[in-house]
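Please look over this model with me. My notes follow as numbered points.

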Protein chains: 2
Amino acid sequence: MTTDQIYSEIKRKGSMLCVGLDTDYQRIPECVRAGRSVPEAVLEFNRRIIDATAPHCVAFKPNLAFYEYLGTEGLRILEKTVEHIRLNHPGQFIIADAKRGDIGNTARMYAKSYFETFDFDAVTLSPYMGTDTVTPFLEYPGRFAIVVALSSNPSAADFQTVQGDGKPLYRSVIERMMEISSPEKMMFVIGATKADKLKEIRGFCPDNFFLVPGVGAQGGSAEEVIQAGSNAKGGLLINSSRGIIYASPGEDFAEAAAEAARRTATL
Amino acid sequence: MTTDQIYSEIKRKGSMLCVGLDTDYQRIPECVRAGRSVPEAVLEFNRRIIDATAPHCVAFKPNLAFYEYLGTEGLRILEKTVEHIRLNHPGQFIIADAKRGDIGNTARMYAKSYFETFDFDAVTLSPYMGTDTVTPFLEYPGRFAIVVALSSNPSAADFQTVQGDGKPLYRSVIERMMEISSPEKMMFVIGATKADKLKEIRGFCPDNFFLVPGVGAQGGSAEEVIQAGSNAKGGLLINSSRGIIYASPGEDFAEAAAEAARRTATL
């Protein structure tokens with residue numbers, strides 16, 4: 001996928017929304033759980049959430065932790081979830097939320113995993129170990145590395161905002177990653193709970209897409225994010241997970257998710 | 001497992017060696033590949049490497065990237081590899097080399113994955129997103145978080161050694177993690193390609209175990225590491241992966257791996 005294709009979907013749908021598929025069996029409505037094994041229920045829940053929210057979003061983001069803990073069966077569900085999106089909702093951008101980051105030969109295997117074994121368009125990466133942990137992901141045309149720069153969790157400030165060489169660590173990360181890549185290969189995770197930071201970062205990083213978590217359950221506002229972080233191509237994928245997929249615990253869970261997505265998506 | 005148990009194995013075997021199971025099908029000897037599917041060959045190779053090297057090492061470290069890229073089957077092989085070690089080589093410390101790091105609710109799922117779904121003793125973690133990405137792993141008695149502080153890859157210096165608040169980032173990471181944990185819960189990854197740094201870090205972090213990669217294929221020396229990084233309890237797990245498991249491409253691969261392990265292990 002190219003950023004132009006993503007942008008044309010954003011314009012067509014009037015939405016920058018990415019729906020995070022952090023599917024926790026404990027929170028799946030009883031009507032989906034009844035008569036199904038754990039993996040079957042997770043897959044059925046995902047399919048119904050995807051079909052309901054797809055008209056209101058441009059991306060889906062399965063969170064790998066929620067599939068790995070189901071072991072072998074979990075990966076099968078992940079595979080089938082990606083397949084379901086590809087077959088039924090072409091044009092959706094599919095992100096593996098993995099936060100991986102390891103030395104070159106290991107990074108190459110992770111790139112194979114997400115871009116070949118699984119058919120993801122992008123994968124989130126953690127930058128702590130430096131640029132050579134990212135470069136293997138840049139070798140796939142039309143696929144993206146999404147590097148965590150500033151996250152939305154409380155302890156993000158432990159290290160990411162520490163000043164070094166006269167600037168905060170997140171800025172060093174973004175600038176270094178911009179040197180080794182183009183906006184057609186690289187996006188950044190920038191937490192929505194910090195709209196002022198989003199604006200500052202857009203100042204020195206005008207062209208890359210930002211994946212913005214923290215809207216909804218974590219407290220960030222989509223309007224603020226759009227105002228602070230947009231660029232000429234839209235430039236944002238605004239993620240919400242729990243606020244959408246668990247919008248209702250009842251039989252109307254899919255309709256409630258669609259409505260939550262529609263509300264969050266408004267440009 | 002407790003650090004006393006690890007130390008007693010180190011003394012008993014005269015070895016601080018951790019064998020990294022970065023099993024790449026392309027490098028498995030033909031005699032193992034013949035007549036076997038890819039996952040079967042990986043599992044058979046692992047079992048024979050484990051049985052051959054176990055007398056000379058105290059830990060095994062499967063690298064999850066090398067199993068994930070095989071998809072569903074890869075996770076089954078990983079599960080069976082851990083099972084094989086538990087059943088046949090009790091006392092071995094088993095590390096999931098995962099380099100995970102994500103917000104609290106996701107970290108809890110990863111902790112479940114590695115400590116419940118799979119039966120690992122420890123998991124490697126990336127600290128970029130701060131302490132709350134680590135705390136869920138500290139809630140399991142007898143299990144360890146192993147936080148990457150200073151890695152052995154060329155681009156480790158991109159961010160890890162940047163000075164902030166008057167000290168390098170890796171030192172901030174270690175000090176912050178020491179505040180939230182005890183040496184019975186927390187180890188650190190310290191790359192062996194930097195023996196001087198290992199000595200410096202031992203100075204302000206006397207009690208925690210260090211997992212030291214970079215010996216062998218990456219160029220570090222085990223003797224230097226032991227001299228620079230040991231403490232009263234040994235305090236080191238020295239990892240070698242490719243230098244041991246691919247010691248010979250022929251039918252003698254298991255004996256060659258045992259011999260390479262024996263040589264690397266010497267205290």
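1. Start with two terms. A strand is a DSSP run of E with at least two residues, numbered from the N terminus. Two strands pair if DSSP finds at least two bridges between them.

2. The model is predicted: local features need pLDDT of at least 70, side-chain atom pairs count only at pLDDT 80 or more, and totals for chains, interfaces and linings use all residues. Residues are numbered from 1 along each chain as its sequence is written, and chains are lettered from A and ligands numbered from 1 in the order in which they are written.

3. pLDDT is the predictor's confidence in each residue, from 0 to 100. Chain A has a mean pLDDT of 95, with 99% of its residues at 70 or more. For the complex, the predictor gives an ipTM of 0.94 and a pTM of 0.96.

4. Now the barrel in chain B. Eight strands close into it, in the order β1-β2-β3-β4-β5-β8-β9-β10, with parallel pairing. From one strand to the next, the twist averages 30° (axes are lines fitted to C-alpha atoms; angles run from 0 to 180 degrees between N-to-C directions).

5. Which strand is joined to β1 of chain B by three bridges? Strand β10 (residues 236–240) of chain B is joined to β1 (residues 17–21), and the two run parallel. C18(B) has N239(B) as its bridge partner in β10(B).

Conventions. Helix = DSSP H or I, 4+ residues; strand = E, 2+ residues; numbered from the N terminus.
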